[in-house]
Amino acid sequence: MNTRRIVLVVLLALMSFGTVFAQKLQGIAYVDMAYILKNLPQYETANEQLSLISKRWQKEIDAAQQEARVLASNYQTEQIFLSDEMKKRREEEIVKKENEVLELKRKYFGQDGELYKKREALIKPIQDDIYAAIQDLANEKKIDIVKDRSSDPALVYMSSKLDISDQVLQKLGAK
C-alpha cells in the first residue's frame, strides 16, 4: 500500500511538472534548411564559386599526377640504360613529384584546406543570416523552439502551419 501511495505521488508530481512546462513553452516551429538554402540565390552563387574553384584545383592536381606518371613511365622504359646514380636521382624525382601531388591534395582539399576555408568564407555568412532571421521570427511570434525538419530523422509528421521556412525566406528577402 505504501508503494502505491509513492507511485501516485510521483505520477501527480510528473503531471503537474508537465503542465507547468507546457504553460511556459509558447510554441514550437520547424524550418527546412535544405529548402531555405535551395531558394537563396546567394547560396547557389556561393556553391557555383566553390565548384569552379574545386574544379580548377582538381585540374592542377591531375596535371601534377600526370607528370608523376610520365616520370615513372619514362623511368621504367629507360631504367636498364641508367647508371645506379641516375636511377637513384630519377627515383627521388618521382617520389618528390608524388609528394607534391599529396601536398596539393592536402592543401586544397584537406581537413583545414583551402576549399574548407573558402566554403567557410562564402557559406557561413549566409548561414548566420538565416539563423538571425529565424531568431527574429521566433522572437516576433513568441516561438520557444525552432527545429530543422530536414535534419530530424525522428520527425514522422509535422503540421504545415508549424513550418516557418517561407517566412524565413521572406525575412531574408528571397522570393
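K142 sits in the loop between α5 and β2 (145–148). The model is predicted: local features need pLDDT of at least 70, side-chain atom pairs count only at pLDDT 80 or more, and totals for chains, interfaces and linings use all residues. Residues are numbered from 1 along each chain as its sequence is written, and side-chain values use heavy atoms, with hydrogens and water left out. Helices (H or I, at least four residues) and strands (E, at least two) are DSSP runs, numbered from the N terminus.

- Phi of K142 is near 55°, a positive value in a residue other than glycine.
- K142 is exposed, with a relative accessible area of 53%. Exposed means over 50% relative accessible area, buried under 20%, and partly exposed in between (1.4 Å probe, protein chains only).

**Overall fold**
- The chain has 6 helices and 2 strands.
- Their order along the sequence is α-β-α-α-α-α-β-α.
- Of the 175 residues in the chain, 25% are buried.
- Contacts join residues at least 24 apart in 79% of cases, among those between residues at least 6 apart in sequence. A contact means heavy atoms within 4.5 Å.

**Packing of α3 with α4**
- Helix α3 (residues 41–78) packs against helix α4 (residues 84–109) at an angle of about 165°, and their axes are 10 Å apart. Axes are lines fitted to C-alpha atoms, for helices over the stretch in contact; angles run from 0 to 180 degrees between N-to-C directions.
- α3 and α4 are therefore roughly antiparallel to each other. That label applies to angles over 145 degrees; under 35 is roughly parallel, 65 to 115 roughly perpendicular, and the rest oblique.
- The contact of α3 with α4 has 12 nonpolar, 4 polar and 10 charged residues. Ala, Val, Leu, Ile, Met, Phe, Trp, Tyr, Cys and Pro count as nonpolar, Asp, Glu, Lys and Arg as charged, and the others, Gly among them, as polar.

**Packing of α3 with α5**
- α3 and α5 pack at an angle of about 175°, with axes 10 Å apart. These two helices are therefore roughly antiparallel to each other.
- From α3, the contact residues are Q42, Y43, A46, N47, Q49, L50, I53, S54 and W57; from α5, they are E114, L115, K118, R119, L122, I123 and I126.
- By class, the contact of α3 with α5 divides into 9 nonpolar, 4 polar and 3 charged residues.

**Buried residues of α4**
- I94, K97, V101, L104 and Y108 are buried in α4.
- Their cover includes α3 and α5 (114–140).
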